[in-house]
Amino acid sequence: MLKCRTVWRTLAPLARTSSTVCRQNARRAGLNNGRLPACVPAAHMSTAPAGGGRENQLYVLLVGATCVGGAIYAYRTVKGDSQRYQDRIDEISSRPLKTFTEEPATPTQSEPPAAPSPAEPSPPAPDAEILAPIETADLPSADEPVIEASPEEAAEPPVVEPEPSPPSEPTPAELTEPVADSESPAAESAAAAKPAEPQLEAVTESGDASPASHKVSSHTPYLLIGGGTASFAAARSIRARDPGARVLIVTDELVPPYMRPPLSKELWFSDDPSVTETLRFKQWNGKERSIYFQPPSFYINAEELGSAENGGVAVLTGKKVVHMDVRGNKIKLDDDTEISYDKCLIATGGVPRNLQVIERAGEEVMKRTTLFRKVEDFKSLDKVSRNVKSITIIGGGFLGSELACALGRRSTESDLEVIQMYPEKGNMGKVLPEYLSNWTTEKVKKEGVKIISEALVKSVVSKDDKLEIQLKDGRLVKTDHIVAAVGLEPNVDLAKSAGLEVDSDFGGFRVNAELQARSNIWVAGDAACFYDIRLGRRRVEHHDHAVVSGRLAGENMTGANKPYWHQSMFWSDLGPDVGYEAIGIVDSSLPTVGVFAKATAKDTPKAATEESGTGIRSESETEHTASSPVASSAPSPTGVQHKDEYGKGVIFYLRDKVVVGIILWNVFNRMPIARKIIKDGEEHADLNEVAKLFNIHDD
């Protein structure tokens, strides 16, 4: 068809030019003879001398070629339309046969079905059905940190429908069976009329074990990349606003979503020898629970997600997204499976950093080095700690200090030597003021840990079945195993294929105020670099941020369009007796003002969790303090009265005389007060008076 058009466009001007030339020659000949000819013979359009009809022949040739070309074009067009019509009829008639009987040798991509019309919303499900996914299977209290809304969010009017009140204690059936949400009759009839969705087949094995791979739907309305806290919070938020939503979580881990804080805290203090298998632990308040947000029965099978009438949440484990086509709204997995989506959340978290000297040291050193991040890392390090004589932790931050205290406590029960080294002068030297960092270092030493401060690693070699760590000042440390706890690198592997912007200063995907990276792509958790209206652009790597950002991203994926203004908090425990909560920018390079008081028996993480009834400290346990605080009437000290005793207190971090960060040292359930102080952004003439708001001087 294109060739015929090209020929016509080439020959038509020539034909018109030839005809014009013939008429001009005839008129010129008539004028030369003194009269116009009565007519021009049809066979002789030219007045050239006799025997020279070259122009006439060219004209006839062009007209003939044009007619032949037009006929060929018409014939091919009619024939092609007929063939396409017949192919389409054959395809439609054979579609059911392909869906149910054919088993292709390789996965094939089919056209994604049309997204459900927003004009036909399903009626809201009953309260018990909407909130059933919130309860955990091991009967924890309803104050799971990723369940409750923060005090600020609780006061904010909902966009679509109000959040239902917490349900009563669930029955065993509610805890073990996934909830089926209701659908309107119109939606059911539409689903019945819709042909079965094509499936991407994968090989499965029969038996009691889980299938080796899944037959995954080629399309999902909501796709969540990453299996951490942010993804789970987003999935629950999506289902709360859209009870019939189909949500697919893709994770490269082999387990469903779980919380990470217990991996470096409570799990190490468990008396259960099978804790690495059960992954159940006792919280500081004595209650037992699992690290998993929900049991496997809460999720539906990935192969059933596309046909589930009431939707659900499915987890595709052991799969990594290696390519993202933003324009085509689809991803590719590491097994070449392609899945299309309508809305996508990137919650890929981060990857533990390593020291370059360890990476260059060779395979033997790398085998005996742990980068602590996942469940498998906890299991591996627990096994190592029971079979070696010495472990060295490199890093003095939150993770390194928590692991040092946990392993140090274990060393008192065995012959294990625990060494912690870091370049700072004291534990958490980049966060705490120097005097408090020194106090913390002494606390860690009392747990049985050998501290090597101001240590810069020069080289690591494997020699005589030992690892020799050579420091730049000449000191030599011999050990059996190394734990590198030197920070986290945001996982932005998809940035290149997706064409998403990565922040050059903080790392992570740059997002707008609604956590959007593109029109149908959101980012939450450790991988999101967002703009804080009070503190500027930031990237936060803490549990509470993953909870709140994931929840907000899920709401915005269903049309809420809410901005992210939440000031996330974080906490760290050095065992059951010392802990702190922090918010904002806590940097030891900033000026600080600390107000302390003598601690009592109730000023410990253990006592705080016993009082609140929860073990994971976050917004859910502090809602009762969200109202305007009442300052304590007790007199405050003019300075630090207990010179070397920092039982409990408040540390204010200042920038341009304005409080930008606060640490609550052994002061619990007061985070909303700290958040309000930072949000106000005011100068305070006397921070001792501000400290009264936290009631630290009350016995």
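These legends describe close-up views of a predicted model.

**View 1**
Strand β7 covers residues 312–316, and five of its five residues are buried. In a regular strand the side chains alternate between the two faces of the sheet. On one side of β7 are G312, A314 and L316, and on the other are V313 and V315; all are buried, and both faces of the strand are covered. Strand β4, residues 246–250, pairs with β7 in the parallel sense over five bridges. In this pairing, R246 stands opposite G312.

An unreviewed UniProt entry lists residues 58–75 as "transmembrane region". In the model this span is 100% helix and 0% strand, and its end C-alpha atoms lie 26 Å apart.

**View 1. A nonpolar surface patch.**
Y59, V60 and V63 make a nonpolar surface patch of about 240 Å². V63 belongs to helix α2, which runs over residues 54–100.

**View 2. The open sheet β16-β17-β18.**
Three strands make up this open sheet, in the order β16-β17-β18, with antiparallel pairing. Its edge strands are β16 (457–463) and β18 (476–479), each of which pairs on one side only. Neighbouring strands of the sheet are turned against each other by 20° on average, direction ignored.

**View 3. The pairing of β17 with β18.**
Strand β17, residues 466–471, runs antiparallel to β18 and is joined to it by four bridges.

Conventions. Residues numbered from 1 in each chain as written. Predicted model: local features only at pLDDT ≥ 70, side-chain atom pairs only at ≥ 80, totals over all residues. Heavy atoms only, no water. Buried < 20%, exposed > 50% of the residue type's maximum accessible area, 1.4 Å probe, protein only. Helix = DSSP H or I, 4+ residues; strand = E, 2+ residues; numbered from the N terminus. Pairing = 2+ DSSP bridges. UniProt positions renumbered as here; feature names shortened; annotations may be inferred. Patch = residues over 30% accessible without salt bridge, like charges linked within 9 Å, V, L, I, M, F, W, Y side chains within 5 Å. Areas by Shrake-Rupley, 256 points an atom, 1.4 Å probe, with all protein chains shown as cover. Salt bridge = Lys/Arg side-chain N within 4 Å of Asp/Glu carboxyl O. Axes fitted to C-alpha atoms, helices over the stretch in contact; angles between N-to-C directions.
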